[in-house]
Amino acid sequence: MSDSILEELAAIVGKDNASDDPLVLDKYSRDQSFVPQTRPNYVVTPGTVAEVQEIVRLANKLLMPVVPYSSGTDFHGGAVPSIGGILVNLQRLNKITYIDERNWHALIEAGVTYAQLQPELEKYGLRVAAPLTSPPSASVLVDYIERNPVVTAPDFVFGNELFSTYDMLMPTGELFTIGHPPTQKSRAMAPDGPAFDFYRLYMGSQGTFGIVTQMAIRLLPLPTAQKVIFIPAETVSQATHIIQRIERKELGLECFAFNSFDLAALVVDIPGEDDKLKKGTYVGNRGANPWTEEQVMQFESIRGNLPPWTIIVCLTGWARRADEKLAYQELDLKDVAVESGCELKNTVGAITGLSNIIKEEVILPGRMQKRFGYKGSCHGLMFHSSPDTVGLLEAAIYDVACKYNYPTSDIGGYLLPIERARTIYCEFDFHCNLDDAAESQAVKALYKEASEVVVDMGGFFDRPYGPWAEIMYSRSGTYAEYLKKLKNKSDPNNIMNPGKLCF
Amino acid sequence: MIEPHVYQAIAAVVGPDFISDDPMVRQTYSKDGAFPGIMKRYKQDPSAIPDLVVLPASTEEVQGVVRIANRYGLKVIPISTGANMVSLCIPSEPGTISLDLKRMDKILEINEDTMTATIQPYVSFARIQAETMKRGLWNGGTPLAPGSCGLLSNIINSGTWQSSLAYGVGLRSIANLTLVLPNGDILKTGSATIPACGNFWCQGPGPDLKGIFEFCNHGGMAVIVEATMKLHPWAGGEWPQETVYNRPPLPANHRIYYVEYPDIEPMNEAMYEIAHSGIGTHLNGASNGWVTGMTQQTEELAEKRWHEGFFPRHMIYVINAGISSTRQLDHEENVLRDIVKETGGKFRDDLNEEMATWHGDAFRDGCGSRFQRRGSFSSIKLGCGHIDNHREFYERSQDIVMRHSHYMFDEETPWVYIFERGYYALFEDDTVFDQSDYEEASSARDMNIDGFVRTPKQDLLDLGYYYMEPVLTIYSPRVGPNAKHWVTQIKNVFDPNDTMNPGKLVRLEQ
Amino acid sequence: MIKELEEYRHWCWNCFRDSTCKHVFTWHLKNADYDDICPTLTRYKFDAYSSQGKMGDLARAMIEGEIEWSDKLLEVIYQDPLCGACDYNCGRITEMQPTRVIQAMRAKALKDGLNPPGGFKTFLDDLREYMNPFRKHDAERINWMKGLPASLADGISGTGTKTKTLLYVGCFPLRDPSAEKMAQDAATVLIKAGVDVGILGEKERCCGNPSLRMGDVDSFHAFAKENIKMFNDMGIEKLVTICPFCYSTFKRDYPEVGEKMNFEVVHILEFTDELITQGKLKLTKPVNLNVTYHDPCHLGRISDYGISGTGAFSGIYEPPRNILNSIPGITLTEMDRNRDDSWCCGAGSWLRDGYLELAQWTADKRIEEAESTGAEALVTYCPHCEENLGEAIQRNGNKMKMYDLLDLVLQGL
């Protein structure tokens, strides 16, 4: 590999921001997933959009792949290069260009994280909707462009159409603004247009169609009153059924469910790791430090006291008559509980402070990182299911686990109703110690087989990371064919993150 | 003219009863209520009359027809009810087939578990509402187009309605699509791509191709043969029947309010506060002109009341729904009353009787397009922005009024929507005109071109909502550098022979 | 009043293509399966067969000289029961009435020297010859009385000169002997109620409806003027009609001819409803039947050209229902498409004489809908509906029975 490429890159981003140091390359060659380790050839950290444009143009000239990277926190190999190339770390593109308090918008660059943004928003009484599963170090923009479901997903508006416009750096180096054309006054209207809903085409694309450099995201207000209610359930089907009934009444803002594993992991104490948890660096590119024996015992003890599933509903009031709203919603929720034969609780498992933990988590998540420490790495099956099918899919996953002698009690479970529970976003996790080759191999095989079973029984991996790409695209008729044709048109040199999805 | 062997090939696909090249039949697909169609008929333009009308009954028949068309260089325009404001379904060149989808009118499934309905393209708003409401669900409203209009074609072109406050514009309601491409390939989107998964999830896998066929695609790349639409909880119970003429009852568990304001700014503030408070399912800013045109029982009464300013010049209407309980209705009413008091509004309960048609039209539009008693209707300006941009939009629209001899129907104030809990607003100024009066129609058309084509060159908050040429070219520099280039690229992938509705969006060089 | 086609230019141009002429009014729609209202469009599917096609496109193009007459055009405008569903829906929203335009097209066709297509040519020729649609002579107009018991026949004042209430029988009993019963039942009900009613007997003339429908406006005017003069000269105060075609013609079309009518036009069902309310008809015998009721177009939408906004569509919807509810033992289950939304039986505009297949197809659809209610019997009150629907039941081997409403009243007396 010629040094002149490094020189050219350094000329664009500055010497300190371009590297071919093996230690640096190693850092980006893997994450905690089973995706094969592959080094990029270069790592660059541009500071402006213009620099990114030049890098992309250069890559086209050199026919070198470009791998966009922001926080690397998808934990599923999305940011790991497939065949090398220039890894473009966007963390320096971290400007919060403006916060529009009146119209609940912020214009942010790709490197802006939740940890950076949320404290700024709080000055205006606002919040950003975040996925519970994302650490504070995650890029907001990337989560949104990759359709990582946010904790407010039960709400049709506040949980699903999360941004207004974004700038897409195309493989040719051109910038293309997606959405209603911006005006002098605002670039924050709606994501539609120009002509088509381009915005959907580039979502979930893992950087294969270009690089999103900035985005006008939609915000919502911080709660002025909030009550967290816990509802125990014996089975995932019962939990789903209750969730559906709550959501059909459009009660609460956030609503989700954990099985006993995930809820226990959420609250277990991991002293000494608080700083990492807060910064979002608890899970490194080789996973997390495994818990100590003491932590495991504490975890088991907590888990033993928890119901199999716990539904968590956050009743939320904003500026107007917040307490009145909570009061009527709680009464309505009680009616639902009576109809469904379940109970409303202020906590579960006698955990003190659980309500406050949830209140913190829904605003700035971070505690779901802890589950990675159970064995060091966590491999989640993340799929969408119709509500009726969730129980069947869980059973099928458990069957596959048993086949691999994987204890079902060690499978994490998280349910998130989307759009008033028209679908349920599910995450079922397997855990393993990556340093244990036999265990890793087994879990890897289990993970793949369980993924196939899920799809064949009606679960939908809408973000085809890792092994899901082949599983999904081999079953999706002409979809992959037309994706490839589109890719071929806009990226004829196939420089944008090749090897991902079906490319 | 269609060659006999091509005619026979298509007849073999759909059957001899469902194909016609008779001039009388073809004539009835050559006009709608929009300017391009109207003006072409004044010119008696033969290229706006299709050469063939074909009615397929199934996906397979659609495939058969488009393959033949593609092969022989014919053009295809899919049409359901064909009512739109820019003559999207009127041919623009000879050798066009009007693909009338009327026979594909089935509601294939209503899934109460996933709150979705899977439909064929000719299913109307009215039919889906009739079937879903009885199951405690609904599609979220009707875009003030008659309920007989096609749901899918409206939504896919971003139909909007007052309940876009809560449920977003029509585009947000699409889950999956099944499309027939001009080469006959079937393309599905979302979870429909995988047969085992069914139609419940709306995105992916990975990049979501559905976006290409949404918004202003204009049937320009494929024929949609099936769509899964999202539904929402319906609190209204059994749809109440109209027992007093023109006075439909309000559905159960809903309350409607009319509030008068002295001027634009306090009205905006109220709309802002209502939207941002999270209450309500419907919210609209309306004016005397619009209200008289839509709600009054006769044209005579509408004209009289319009000219005498019977209804408030600045008015909003709000509908709250008790989705969880009556307690919700009570709470939301309290919030509304607080806002109205703070913003200096005045409740006009006395107007409830006069505007009773809203009880029906807000949910299932029956009479809403009554303003067409005066003739046809066209937008002359559409703008997107924040509610605070209302005054600016109004003044720019007034500039257009001053430059033209024709009146603007809602000259007092635009029709104002506020979408998706207040994230943005849409302002709409329209005119109505007598299609039979060429001078009047031409003048109205000039206003339309002024509003949509000439003025967006300035950096305003205007919107080329239909994104047709030349608007797409105008916007290209603004969205930089070349939106038209990307649109053309995509068209080249799906429809390289420019078979589907050519000339409406981009034209491919052949 | 059917104006010259050119006078409908404003309407024709201002069709917006919103498809309200094709489907049940949105607020009224209960089931997606029963959404269609236009028989010709539902049958043939091409928009040419809808009022949007006929008024918005074809009539407009003809006015502008863009198209000329062709066989297809004639077929399109004549193959139409003119059931008025489009008038109701379009009229409700735009105050336009497409059937007027279609009638104007028919009138223009004849004025331009063309013949109506299909069986209608013979129909019109015979109509002009016999002055009635059934190719019979006026002397046969009293044949229906032969079936009446003498006690009842005596109750009818022969020439009607002494009574103020004229029972206008209409031409339908001339059709065939089976049609005579309807006239007999109508007379019987009135007599049993003690109404002093007269008939014109052989002097009765056709109301002119078939001429009007065929586009022979001049003949219609001639019939209308003659009849109005005759009724005025007789001093008639109340004209009671049996056949809904006649009813709608007298009620809706005659006032537009321009001659003053010194009499009230009433349909026998309205009258019967009043008589029951007044206690002059006592329905005490149970008629145990689960029925559904078909609203004849000519008692409903086509009975009045009132602009929708004034609520002047004063269709006779409630009187038949009141009557049914008065008969002990009757349970009524409504079809989805009832009252203003009724689906035509298929016999409108004399369609059986021109396009029998369409008329029969349309009736088949209505019978399907009737059966879907679970009722054991279909009741209506129109000789044309009863013929067409009754034939459909027989043709398809349905188990449903067809009843004339006044037949049930007589059973209940």
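Start where chain C meets chain B: 50 residues of chain C and 67 residues of chain B take part in the contact. Keep in mind that this is a predicted model. Put together, the two chains bury about 4900 Å² between them, and 55% of that sits on carbon and sulfur atoms. On chain C, the residues that lose the most area to chain B are C:Phe16, C:Trp27 and C:Phe46, which together account for 18% of what that side buries.

If you'd like to find one of them, look at B:Arg41 and C:Glu66, whose closest N and O atoms are 2.5 Å apart.

Which helices of chain C supply at least two residues each to the side that touches chain B? They are helix 1 (9-13), helix 3 (51-63), helix 4 (71-78) and helix 5 (85-94). Helix 3 gives the most, with 7 residues.

Next, the aromatic rings. Over all chains, a search of the whole structure turns up 74 aromatic pairs. Take B:Trp138 and B:Tyr167 as one of them: the rings sit edge-to-face, 5.9 Å centre to centre, with 85° between the planes. B:Trp138 belongs to strand 7 (residues 137-138) of chain B and B:Tyr167 to helix 7 (residues 164-167), so to speak two distant parts of the chain, 29 residues apart, linked by the pair. Are these two buried or exposed? Both B:Trp138 and B:Tyr167 are buried.

B:Trp234 and B:Phe363 make another edge-to-face pair, at 5.5 Å centre to centre and 75° between the planes. Here B:Trp234 is in the loop between strand 11 (232-233) and strand 12 (254-261) of chain B, while B:Phe363 is in the loop between helix 12 (357-361) and strand 16 (376-385), so the pair ties together parts that are 129 residues apart in sequence. B:Trp234 has a relative accessible area of 7%, so it counts as buried. B:Phe363 is buried too, at 0% relative accessibility.

Finally, come back to C:Phe16, one of the residues that lose the most area to chain B. C:Phe16 is also part of an aromatic cluster, together with B:Tyr258, B:Trp290, B:Tyr317, B:Trp358, B:Phe371, B:Phe377, B:Trp415, B:Tyr417, B:Phe419 and B:Tyr424.

Methods: Residues numbered from 1 in each chain as written. Chains lettered and ligands numbered in written order. Predicted model: local features only at pLDDT ≥ 70, side-chain atom pairs only at ≥ 80, totals over all residues. Heavy atoms only, no water. Contact = heavy atoms within 4.5 Å. Buried area = accessible area lost by both parts, 1.4 Å probe. Salt bridge = Lys/Arg side-chain N within 4 Å of Asp/Glu carboxyl O. Helix = DSSP H or I, 4+ residues; strand = E, 2+ residues; numbered from the N terminus. Phe/Tyr/Trp six-rings, centres within 6.5 Å; stacked < 30°, edge-to-face > 60°. Buried < 20%, exposed > 50% of the residue type's maximum accessible area, 1.4 Å probe, protein only.
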